[in-house]
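Visitor: I have a model open and would like to learn how to read it feature by feature. Could we begin with the charged side chains?

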Amino acid sequence: MGIPERNFERFVSSVVQMWIERGPSSYPGAAVERLTSELLVIRGDRDHLFSRADAVRFVELVRGASLANIPYAGHATHEDQPRLVAEILTEFYRTPARASK
């Protein structure tokens with residue numbers, strides 16, 4: 001038996017699916033839908049690890065979640081667009097609790 005082939009993209013895809021899929025084999029499964037705190041999902045528009053479609057699906061699972069899709073940024077949005085990310089985070093923390101979805 002040899003060493004399995006390295007396939008980073010397949011690995012990342014599997015991890016993302018594990019978080020956003022609903023079912024007995026998913027993680028954290030239904031727990032995501034029970035989150036009660038506000039959640040801000042930040043992703044870069046050029047993020048090759050977390051697609052916009054996956055981010056939208058994840059945000060739809062969490063009541064009160066919102067999505068910030070950062071232009072001209074990859075997976076490390078805080079490095080690619082530090083000022084914009086800081087502005088978005090500042091506004092998120094300053095905004096009073098938003099109405100539930």
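Guide: Start with a pair. R52 forms a salt bridge with D45, and their closest N and O atoms are 2.3 Å apart. Keep in mind that this is a predicted model.

Visitor: Where do D54 and R57 lie?

Guide: The general idea comes from helix geometry. An α-helix has 3.6 residues a turn, so residues three or four places apart point the same way. Here, D54 and R57 are both in helix 2 (residues 52–61), three residues apart, which is about one turn of the helix. D54 counts as buried at 12% relative accessibility, whereas R57 is partly exposed at 36%.

Visitor: Which residues of helix 2 are buried?

Guide: They are D54, A55, F58, V59 and L61. Viewed down the axis of helix 2, these buried residues fall within an arc of 155°, so they line one face of the helix. The face turned away from that buried side carries the exposed residues A53 and E60.

Visitor: How should I read a buried charge that has no salt bridge?

Guide: D47 is in the loop between strand 1 (39–44) and helix 2. D47 is buried but has no salt bridge, and the nearest side chain of opposite charge, R43, is 4.9 Å away. The cut-off for a salt bridge is 4 Å, so R43 does not qualify as a partner at 4.9 Å.

Visitor: Next, the nonpolar residues. Which residues make up the largest nonpolar core?

Guide: This core has 11 residues: V12, V16, V32, V41, F50, A55, F58, V59, L61, V62 and A65. Helix 1 (8–20) and helix 2 are the elements that give two or more residues to this core. Helix 2 gives the most, with four residues. There is also a second, separate core of six residues, among them L40, A73, V85 and F92.

Visitor: What is V41 in contact with, leaving aside its neighbours within four places in sequence?

Guide: V41 is in contact with F50, F58, V59, S66, L67 and A68. Of these, F50, F58 and V59 belong to the largest core along with V41.

Visitor: And where does V32 lie?

Guide: V32 is in the loop between helix 1 and strand 1. V32 counts as buried, at 2% relative accessibility. The C-alpha atoms of V32 and V62 are separated by 6.2 Å, although these residues are 30 residues apart along the chain.

Visitor: How do I read backbone angles?

Guide: Most residues other than glycine have a negative phi. Y72 is not a glycine, yet has a positive phi of about 55°. Y72 lies in the loop between strand 2 (65–70) and helix 3. Y72 counts as exposed, at 58% relative accessibility.

Visitor: Finally, in what order do the elements run from the N terminus on?

Guide: The order is α-β-α-β-α-α, from four helices and two strands. Of the 101 residues in the protein, 27% are buried. Among contacts with a separation of 6 or more, 64% come from residues 24 or more positions apart.

Conventions:
Residues are numbered from 1 along each chain as its sequence is written. This is a predicted model: local features need pLDDT of at least 70, side-chain atom pairs count only at pLDDT 80 or more; totals for chains, interfaces and linings use all residues. Side-chain values use heavy atoms; hydrogens and water are left out. Buried means under 20% relative accessible area, exposed over 50%, partly exposed in between (1.4 Å probe, protein chains only). Lys and Arg count as positive and Asp and Glu as negative; His and the chain ends are not counted. A nonpolar core is a set of buried Ala, Val, Leu, Ile, Met, Phe, Trp, Tyr and Cys residues joined through side-chain atoms within 4.5 Å. Contact means heavy atoms within 4.5 Å. The arc is that of the directions from the helix axis to the C-beta atoms.
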